[in-house]
Amino acid sequence: MAKKEQASCSSTANLQPTLSQPHPSAASAAPASPQARFRYLATMVVYAVLILNKAGGLIYQRDFNPGLQKLSSNDYLILAGTFHGVHAITSQISPTNDSASSGLEVLESENFVMRCFQTLTGTKFLVFAEPRQPNLDVVVRRVYELYADYVMKNPFYQIEMPIRSEGFDRHLTSYIKPHQ
Amino acid sequence: MSSTSRARLGEEVWKLRTDKINAELVTLTYGSVVAQLCKDLDGDYAEVNKQLDKMGYNIGLRLIEDFLAKSNMQQKCANFRDTADVVSKVGFKMFLNITPTIANWSSDSKQFSLLFDENPLADFVELPDDGKAQSELWYSNMLCGVIRGALEMVQMSVDAHFVSDVLRGNDTTEMRISLIRYIEDEMPQDDE
């Protein structure tokens, strides 16, 4: 296990300095500029993005890089529904006294890390990426901004329904895979 | 988040993260929508108010996502007073560059008024002189719908309506907003 970690660390060694350097300064200064955000992603591998509506229905699913198992569309729906349930439970049962728990936010495994961001309107954004990726919260926020722009502002998009938007696809791709 | 930091947030989002367009274009577009409605509905101003509110509602449902994404708010408001503060200082600031004054709280903190010192939608407007518009048309009624739609998406059912408008010759433009209830997450029925 230790050996494996080392191996994957060395493969990402070239990106570690660039990732850790802008971070402290970005925290103290104003919000990271778009360029800074792109720099993160130049070396980051995002496997997939999923969007769940507030009822737990899957409204968007897209793979960006190979690394995840391909599921049937029915299985994706089950995955989304199951996650929705788990998230609801984790936000109800909290080890702290604070009753307002945000629920499950990060899921890490040996092969991937998943970041969940639930907006105040109840929509959930899930980003799957390579393990040990920092700043996934920045990525998921940016995906939310793109969603607000290219999905919600399209007057013909029906709220809570599956997203079929070429503009959203295009902008998401150019954000997540800027050099390809 | 304190009231002043909300004001700062609104200012920051407006300055740094909002695409601006010409104000006259907005005013004229809105004006032509209202005028066309009045024409199509044959001067049935109650119906015009209703249609404007409906349009605003549909805008609000969508606009809330832009608001949350741009303002980076992740904390729910602790109470309705906080909500009022955010609506005025962040919401109106980032979309219309105005900060309506919050006033006239009811004793149970469930109703308040927004006083509009300026209203970009109503620049250059004079209501028609047909004897009805002055007393029946709420020219900026779309704003009520926007607030109703946006707050509904963040689990608040509210009623919003204008009670006075300088266009009608009143001294102030005042919108009354009342909290009907918080929409609780609907828990599935117990199987057993």
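Strands E1(A) and E2(A) pair in the antiparallel sense over 5 bridges. Here, strands are DSSP runs of E with at least two residues, helices are DSSP runs of H or I with at least four, and both are numbered from the N terminus; two strands count as paired if DSSP finds at least two bridges between them. This is a predicted model, in which local features need pLDDT of at least 70 and side-chain atom pairs count only at pLDDT 80 or more, while totals for chains, interfaces and linings use all residues. Residues are numbered from 1 along each chain as its sequence is written, and chains are lettered from A and ligands numbered from 1 in the order in which they are written.

Now for the whole sheet. Chain A has an open sheet of 5 strands, in the order E2-E1-E5-E4-E3, with antiparallel pairing. Its edge strands, E2 (58-63) and E3 (106-108), each pair on one side only. From one strand to the next, the twist averages 10°. Strand E4 (residues 113-118) and strand E5 (residues 124-129) of chain A are joined over 6 bridges in the antiparallel sense, and A:Met114 sits opposite A:Phe128 in E5(A). Helix H5 (residues 73-92) of chain A packs on this sheet, touching E1, E2, E4 and E5 of chain A, and its direction makes about 115° with that of E2(A). Such angles run from 0 to 180 degrees between N-to-C directions, with axes fitted to C-alpha atoms, for helices over the stretch in contact.

What about the inside? The largest nonpolar core has 73 residues, and those with the most contacts inside it include A:Leu50, A:Val127 and B:Ile147. A nonpolar core is a set of buried Ala, Val, Leu, Ile, Met, Phe, Trp, Tyr and Cys residues joined through C-beta atoms within 7 Å. Helix H6 (residues 136-152) of chain A gives the largest share of this core, 10 residues.

Terms used:
Two residues are in contact if their C-beta atoms, placed from the backbone, lie within 7 Å. A residue is buried if 20 or more other C-beta atoms lie within 10 Å of its own, exposed if 12 or fewer, and partly exposed in between; C-beta atoms are placed from the backbone.
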